[in-house]
Amino acid sequence: MSRFPNNFLWGGATSAHQIEGGYDLDGKGLCFMDIVTNGSLNSLRMISYTMPDGTRKEEPLFKMQSIPQGARFECFDNRIYPSHEAIDFYHRYKEDIKLFAQMGFKTFRMSIAWSRIFPNCDDESPNEQGLEFYDRVFDELKKYDIEPLVTMSHYETPLNATQLWNSWADRQMVDHFEKYAKVLFERYHEKVKYWITFNEINCLTMVPALEGAIVTKDNQIIMQAAHHQLVANAKTVILGKKIDPSMKVGGMLTYATCYPYNSNPNDSVAVWKMLNKAYFYSDVMVRGYYPSYILKQFEREQINIIKEDGDDEILKTGIIDFLGFSYYQSIVTSVKEDLEGAKGGNIISAVKNPYLEESKWGWQIDPVGLRLALNYLYDRYQLPLMIVENGLGTSDEPDENGEIIDDYRIEYLQ
């Protein structure tokens, strides 16, 4: 195929916490990202909380080990929380969607803010005002013939779940997610054909606070949470087929094509181990069972996954319809230490690749790696693939006329 077909789903992607704003409007509860402060290349994003004695504290998002006894997550007046206002899509969605149409979007990937539907996660009934908001968004998209691609959980777990039972560390989250999915499917199945359960599910291993709203560094807890999400993913697929067999329910990875630093065979083993951190999740979602390499890893690390009766059959039955992935850069890995420059891009860090250019943010630009990612994933799974995130991470500065001339972004996409 030498050109994109007419029905190719070309578009753009967002998440609710990055665009909506309105973090406390119309019955919405706090999500985990609502208590995360802003950051930059030189400053860490922090989680804010108050101790029982009134002491206010902050800890780095990616380094917090556990929830301090009696701590209460909350927002401080003198801090910036990007999700609170974002770009105010909550009020400006009509003009934003009009712009998407002018850009020629065929699809728009977005997420539904879970805490806008179930503010406390365990609510008896959903928040109707939240459901009505997404009805309006989907109707507006339909007006421009833009196909919605909807993520159910994109780093927006209701904060109450973290506060009371450490979120996905607890099995009850499977039932809460299934209830949430049922509401979405029954409400929107005539408006939304394509669904993604969890954004970048493999990030649970790397940054559990971000992906699963879990505050821990304990691998036993993290991998048990991964099992809970994989079961929830499978149950959601099964549920979707019952409610409307025409819907397509997919999973998603963050993926970075990985190269060995040199021809040392051990570097190739390091690549294999690195990729397996992502493949574990997609192997279960696509093949329906735990691969042998992860079982052996669990054995070595003395990790014991607690399953309920029927879990294995659920995983086997609820395999995904398509696989989405985010691609921002490739990486290089080696068994050697102290090699030049660890370069990071969308959470993943690795050795600097001397053959590639990089963005201002230090993300190395590798279009060949994207082609390889597509080849590797399709050869492994033979499922439809969606590149659901990709782009140039950089800082844009307006010129003297207040315009942003981003030819560098056009060059990147070309």
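The exercises below work through helices and strands of this predicted model.

**Exercise 1.** Describe how helices H10 and H11 pack, and work out which classes of residue make up their contact.

*Solution.* 
- Step 1: Two packed helices are described by the angle between their axes and the distance between the axes.
- Step 2: H10 covers residues 219-243 and H11 covers residues 265-287; they pack at about 30°, with axes 10 Å apart.
- Step 3: Get the handedness. H10 and H11 cross in a right-handed way.
- Step 4: List who touches whom. On the H10 side you'll find Met223, Ala226, Leu230 and Asn233, and they meet Phe280, Tyr281, Val284 and Met285 of H11.
- Step 5: Sort by class. The contact of H10 with H11 has seven nonpolar residues, one polar and no charged ones.

**Exercise 2.** Find which residues of H12 are buried, and explain why they line one face of the helix.

*Solution.* 
- Step 1: Apply the cut-off. Buried means under 20% relative accessible area, and in H12 (residues 292-301) Tyr293, Ile294 and Phe298 are buried.
- Step 2: Look down the axis. The buried residues of H12 fall within an arc of 140°, so they line one face of the helix.
- Step 3: Recall the geometry. An α-helix has 3.6 residues a turn, so residues three or four places apart point the same way.
- Step 4: Find the neighbours. The buried residues of H12 pack against H10, H11 and helix H14 (367-381).
- Step 5: Check what comes just after H12. Gln302 takes a positive phi of about 55° there.

**Exercise 3.** Work out the strand order and the pairing sense of the open sheet that contains E2.

*Solution.* 
- Step 1: Read the order. Three strands line up as E3-E2-E4, with antiparallel pairing.
- Step 2: Spot the edges. E3 (56-60) and E4 (72-73) are the edge strands, each pairing on one side only.
- Step 3: Look at the bridges. E2 (residues 46-50) is joined to E3 by five of them, and Thr50 has Arg56 in E3 as its bridge partner.

Technical notes:
Residues numbered from 1 in each chain as written. Predicted model: local features only at pLDDT ≥ 70, side-chain atom pairs only at ≥ 80, totals over all residues. Heavy atoms only, no water. Axes fitted to C-alpha atoms, helices over the stretch in contact; angles between N-to-C directions. Helix = DSSP H or I, 4+ residues; strand = E, 2+ residues; numbered from the N terminus. Left-handed = near helix turned anticlockwise from the far one by under 90°. Contact = heavy atoms within 4.5 Å. Nonpolar A, V, L, I, M, F, W, Y, C, P; charged D, E, K, R; others polar. Pairing = 2+ DSSP bridges. Buried < 20%, exposed > 50% of the residue type's maximum accessible area, 1.4 Å probe, protein only. Arc of directions from axis to C-beta.
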